[in-house]
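Okay, thanks everyone, let's get started.

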Amino acid sequence: MPKRAALPPGLIVRTGKLVWNTMWHTMMSQMAPRSKSGDYVRPESSFRSREIFPKAGRYRLIVGMSCPWAHRTLVTRALKGLEDAIALTIVYPSTDEGRWLFDAPADLPFADCRSLPDFYSSASPGYKGRATVPVLWDSVANTIVNNESAEIIELLNSEFEELATGPDLYSDSLKQDIDALNQKIYATVNNGVYKCGFAQTQAAYDQAVTELFATLDELDEILVTNRYLCGNALTLADVRLFTTLIRFDVAYHGIFKCNRRRISDYPQLSGYLADIYQLPGIAQTCDINAVKRDYFGNLFPLNPGGIVPIGPGWDSLKQPHERAAIARSKPAQSKPAQSKPA
Ligand SMILES: N[C@@H](CCC(=O)N[C@@H](CS)C(=O)NCC(=O)O)C(=O)O
């Protein structure tokens, strides 16, 4: 048989790059809208009501277990002791449709909804935005109350007082400190990890990764003297940081290239993470298999082979930590970070 002439390697590489880059940028802009300079820009949430009629069984949270924004609401629900008062529906990502799917929609009003986008359109006909988790659903008014995690956790903290057993996580005396920290942590850490992972230019990645680790370094410093970010009491600022930190070594370090250091390399942040993980009810809100499966298995443009890496696990979070000693030995100090624009 005559041998067929091999294609020149240069041609294969150039064609492969052209096809892949075109596909990659198209898929990335679907998954992660970006600015002209290639920075990831998270879309605004659409449902922003703050009207709550606190009654056990009236409200339901819809969450995906891998999502750090939804996880904030689960952690707050647990810290406030609202598990029995506020129901839960878990959705799962479809592997090839880029949307959340219901496993058993029967406990929701639109029983024929298979996916979260269907649910959003049934709840709000004509809705054109993204169908994101978390969702706070009002089963009496049959409406989506709010789909912005930052606001849902404030509502869970303050509007369910008659039903809640947990402490105030956003007290008036700490509000200013909490807000200042939140602003910086949102821009550079919570959303910062996504800015690293979804960057479409080297410059956008370089900036995001530099800001991310600058903030982590600063937070580690604060935690030398403070058990929690604002002192000895846990607040919503900790809730918001926790759900990013717990995914960091397992997912963001690899898939989002946040790899200057791991959280387990930070002397304070590592113990702080274990401290919060070990608080009553919190470990039950954490699902490492969902985190690995969804980040590595479902963000196709970032991991086309879908291979899920073996490590690391969360065993270190179950080990004893010394954080309580900080509260005993030192007066609480609040050191709000200087806020910078995103
Ligand atoms: N601003 C929202 C963001 C929530 C968000 O981006 N959730 C992601 C999962 S981690 C989602 O549901 N994405 C589906 C989509 O964008 O279509 C919040 O904090 O509540």
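Buried here means under 20% relative accessible area, with exposed over 50% and partly exposed in between, using a 1.4 Å probe and protein chains only. Helices are DSSP runs of H or I with at least four residues, strands are E runs of at least two, and both are numbered from the N terminus.

Before I go on: this is a predicted model, where local features need pLDDT of at least 70 and side-chain atom pairs count only at pLDDT 80 or more, while totals for chains, interfaces and linings use all residues. Residues are numbered from 1 along each chain as its sequence is written, and side-chain values use heavy atoms, leaving out hydrogens and water.

Back to α9, residues 267–277: nine of its eleven residues are buried, so the helix is largely enclosed by the rest of the structure.

Gln-268 counts as buried because its relative accessibility is 18%. Skipping residues up to four places away in sequence, Gln-268 touches Asp-220, Leu-223, Val-224 and Arg-323.

Now the domains. We've got domain 1 (59–158) and domain 2 (175–329), with bounds from an automatic or database domain assignment. Their C-alpha centres are 23 Å apart.

Together they bury about 1,900 Å², 66% of it on carbon and sulfur atoms; that's the accessible area (1.4 Å probe) the two parts lose on being put together, summed over both.

Last one: Thr-76, which sits in α2. Buried or exposed? Thr-76 is buried, at 0% relative accessible area. Leaving out neighbours within four places in sequence, Thr-76 contacts Ile-153, Leu-156, Asn-157, Leu-169, Leu-236 and Val-239. The Thr-76 side chain also reaches the backbone oxygen of Arg-72 at 2.8 Å.

That's it from me.

Technical notes: Contact = heavy atoms within 4.5 Å. Polar contact = N/O pair within 3.5 Å; in protein donor to acceptor, adjacent residues only side chain to side chain.
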